[in-house]
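The following exercises concern a single protein chain.

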Amino acid sequence: MNIQERIFTQLSKTKKVDLAGVKDLETRTNGAESDFKAFDDMLADWVSRYIDLQNEVSGLINMADIYSNSILDLEYSLDEFGKSAEDLGINPFQFDEYTNATATVGSYQSNLDLNNEVLEVAKSMKQL
């Protein structure tokens, strides 16, 4: 019998300390420490990814502004081209470029609500 077991044996006689209870404490402490380490590692990884996302938000918002301005420029050009073509008695849709530009503007407008919703979510991310 080693010294630790003798001490626990003596304690169990005099103080009613159960050796199995002490072993249970040790096992549960080790388990809790192991679970904390796994949680802490997972949390650190999540925080790192969240901060990366936060850093991407400003780039996303900037790109959305650039895209929006491009669409405004395209709409202006479409309007100007359409008026010029109609003044000459030409249907502007006879030009593939006009048709493609119109489709591009339509795609932007049809996705505008969803894009704005996503941008609002991105903008609302709390800073860590």
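Rings of Phe, Tyr and Trp (its six-membered ring) pair if their centres lie within 6.5 Å; planes under 30 degrees apart count as stacked, over 60 as edge-to-face and the rest as tilted. The model is predicted, so local features need pLDDT of at least 70 and side-chain atom pairs count only at pLDDT 80 or more, while totals for chains, interfaces and linings use all residues. Residues are numbered from 1 along each chain as its sequence is written, and side-chain values use heavy atoms, with hydrogens and water left out.

**Exercise 1. Aromatic pairs**

Task: Determine which residues form one aromatic cluster, and classify the pair of tyrosine 67 and tyrosine 108 by its ring geometry.

Solution. 
Step 1. The structure holds five aromatic pairs.
Step 2. For tyrosine 67 and tyrosine 108, the ring centres are 4.9 Å apart and the planes stand at 80 degrees, so this pair is edge-to-face.
Step 3. Tyrosine 67 belongs to helix α2 and tyrosine 108 to helix α3, so their pair ties together parts that are 41 residues apart in sequence. Helices (H or I, at least four residues) and strands (E, at least two) are DSSP runs, numbered from the N terminus.
Step 4. Accessibility is assigned next: buried means under 20% relative accessible area, exposed over 50%, and partly exposed in between (1.4 Å probe, protein chains only). Tyrosine 67, at 35%, counts as partly exposed, whereas tyrosine 108, at 13%, counts as buried.
Step 5. The rings of phenylalanine 93 and tyrosine 98 have centres 4.9 Å apart and planes at 85 degrees, so this pair is edge-to-face. Phenylalanine 93 is partly exposed at 45% relative accessibility, and tyrosine 98 is buried at 14%.
Step 6. One aromatic cluster is formed by Phe81, Phe93, Phe95 and Tyr98.

**Exercise 2. The largest pocket**

Task: Give the volume of the largest pocket, and identify the element that contributes the largest share of its lining.

Solution. 
Step 1. On a 1 Å grid over the protein atoms alone, a pocket is an open set of points where a 1.4 Å probe fits, with protein on both sides within 12 Å along at least five of seven lines; lining residues have an atom within 4 Å of a point. Grid points are joined across faces, edges and corners, and a volume is the space filled by probe spheres set on the points.
Step 2. The volume of the largest pocket is about 280 Å³.
Step 3. It is lined by 15 residues, and the closest to its centre are Ala64, Tyr67, Asn115, Asn116 and Leu119.
Step 4. The elements that give two or more residues to this lining are α2 (19-87) and α3 (96-123). Helix α3 supplies the largest share, eight residues.
Step 5. By class, the lining has nine nonpolar, three polar and three charged residues. Here Ala, Val, Leu, Ile, Met, Phe, Trp, Tyr, Cys and Pro count as nonpolar, Asp, Glu, Lys and Arg as charged, and the others, Gly among them, as polar.

**Exercise 3. Surroundings of glutamine 54**

Task: Decide whether glutamine 54 is buried or exposed, and list the residues that it touches, not counting residues up to four places away in sequence.

Solution. 
Step 1. Glutamine 54 is found in helix α2.
Step 2. Its relative accessibility is 9%, so glutamine 54 counts as buried.
Step 3. With contact meaning heavy atoms within 4.5 Å, glutamine 54 touches Met125, Lys126, Gln127 and Leu128, residues up to four places away in sequence not being counted.
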